[in-house]
Amino acid sequence: MNWSALEALLSGVNKYSTAFGRIWLSVVFIFRVMVFVVAAQRVWSDDSKDFICNEAQPGCSNVCYDNIFPISHIRLWALQLIFVTCPSLMVTWHVKYREKKDMQYTSSHKGAHLYANPGKKRGGLWWTYLVSLVFKAGIDAGFLYILHHIYEGFDMPRLYKCSLEPCPNTVDCYISRPTEKKIFTLFMVVSSSVCILMCICEMVYLICKRIQKCIRKKNVAQRRIFAESHEISPLAVPRSEFKSKRSIRVDPTASMHNLSNINTEKASSEKK
């Protein structure tokens, strides 16, 4: 499988992700894909060849191996990595659809844009991103349940007793490198759990941010309605109106007695 092509395809998702989404993508490609490609495939490469049962009956080893490993860990993890990365493509496709729609709108409306930023998580893109997180967490949790249900836990036994036909009696079967396989199994389980935790944290972050934004909009709307319904009248006459009127300037330091004396002197002078 060409994992580099998958990495190149999902590299665009990093542009539209939050901090939790970038951590999730790093965990997927560093701790899961790289470990899967470099180490895990080699550990399980000789699984069927080195599976030995202490019975030479033809077909006994094959039947016991099929009973112990209904599906190989490698193939199960490969399916898990493919399915868990597919929901991220929903976000990329939605952004591409927005960009195409914005280009069509711009060409028909003389340069005007339908979206200021097509990659901003608003409206339908926010719901697409949230649904992709739910799918990613659900897929990882589902594959962990399948792994636990098929193998009855995450342990790798050293000895397995098989009594299926065509084995003539109960035979002992030995798995190659059980300790190493157990370590890699636990590592993949822990990394999947970390990815589930990152998805949950990102969902909580997006929902809390959306609620905070709605509360802020509601408060702004309430303040606007209050301001419109309670118009405040000016407490004083505007300064421009005060200056336009021709008024006599009076010395503020003059008392009422001095003003009356001044008025009396002016009246007597006019009589003379």
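This is a predicted model: local features need pLDDT of at least 70, side-chain atom pairs count only at pLDDT 80 or more; totals for chains, interfaces and linings use all residues.

Trainee: Which elements give two or more residues to the lining of the second largest pocket?

Mentor: The second largest pocket has a volume of about 250 Å³, and its lining includes Asn67, Ile68, Phe69, His73, Ile150, Tyr151 and Glu152. The elements that give two or more residues to this lining are helix 3 (60–68) and helix 5 (124–151). By class, the lining of the second largest pocket divides into eight nonpolar, two polar and two charged residues.

Trainee: Next I would like to understand helix packing. At what angle do helix 2 and helix 6 pack?

Mentor: Read the angle between the two axes together with the distance that separates them. Helix 2 (residues 19–43) and helix 6 pack at an angle of about 165 degrees, and their axes are 10 Å apart. Since angles over 145 degrees count as roughly antiparallel, helix 2 is therefore roughly antiparallel to helix 6. The crossing of these two helices is left-handed, and their contact has 19 nonpolar, three polar and four charged residues.

Trainee: Are helix 5 and helix 6 roughly parallel or roughly antiparallel to each other?

Mentor: The axes of helix 5 and helix 6 are 9 Å apart and the packing angle is about 155 degrees, so the two helices are roughly antiparallel to each other. Helix 5 passes helix 6 in a left-handed crossing. Among the residues that meet are Trp126, Tyr129, Leu130 and Leu133 in helix 5, and Val189, Ile196, Met203 and Leu206 in helix 6. By class, this contact of helix 5 with helix 6 divides into 16 nonpolar, three polar and four charged residues.

Trainee: At roughly what angle do the axes of helix 4 and helix 6 cross?

Mentor: The axes of helix 4 (residues 73–108) and helix 6 (residues 178–229) come within 12 Å and cross at roughly 15 degrees. Helix 4 is therefore roughly parallel to helix 6, and it passes helix 6 in a left-handed crossing. The contact is made by His73, Trp77 and Gln80 of helix 4 together with Phe184, Thr185, Met188 and Ser192 of helix 6. By class, this contact of helix 4 with helix 6 has four polar, three nonpolar and no charged residues.

Trainee: Finally, what should I look for along the backbone itself?

Mentor: In general, most residues other than glycine have a negative phi, and most peptide bonds are trans. In this model, a cis peptide bond joins Glu165 and Pro166, with omega at about 10 degrees. Pro166 is found in the loop between strand 2 (159–162) and strand 3 (171–174).

Trainee: And what is the phi of Glu152, and where is that residue found?

Mentor: Phi of Glu152 is near 55 degrees, a positive value in a residue other than glycine. Glu152 lies in the loop between helix 5 and strand 2, and it is also one of the residues that line the second largest pocket.

Technical notes:
Residues are numbered from 1 along each chain as its sequence is written. Side-chain values use heavy atoms; hydrogens and water are left out. Axes are lines fitted to C-alpha atoms, for helices over the stretch in contact, and angles run from 0 to 180 degrees between N-to-C directions. Helices (H or I, at least four residues) and strands (E, at least two) are DSSP runs, numbered from the N terminus. Angles under 35 degrees count as roughly parallel, over 145 as roughly antiparallel, 65 to 115 as roughly perpendicular and the rest as oblique. A crossing is left-handed if the near helix is turned anticlockwise from the far one by less than a right angle, and right-handed if clockwise. Contact means heavy atoms within 4.5 Å. Ala, Val, Leu, Ile, Met, Phe, Trp, Tyr, Cys and Pro count as nonpolar, Asp, Glu, Lys and Arg as charged, and the others, Gly among them, as polar. On a 1 Å grid over the protein atoms alone, a cavity is a set of points where a 1.4 Å probe fits but cannot get out, and a pocket is an open set with protein on both sides within 12 Å along at least five of seven lines; lining residues have an atom within 4 Å of a point. Grid points are joined across faces, edges and corners, and a volume is the space filled by probe spheres set on the points.
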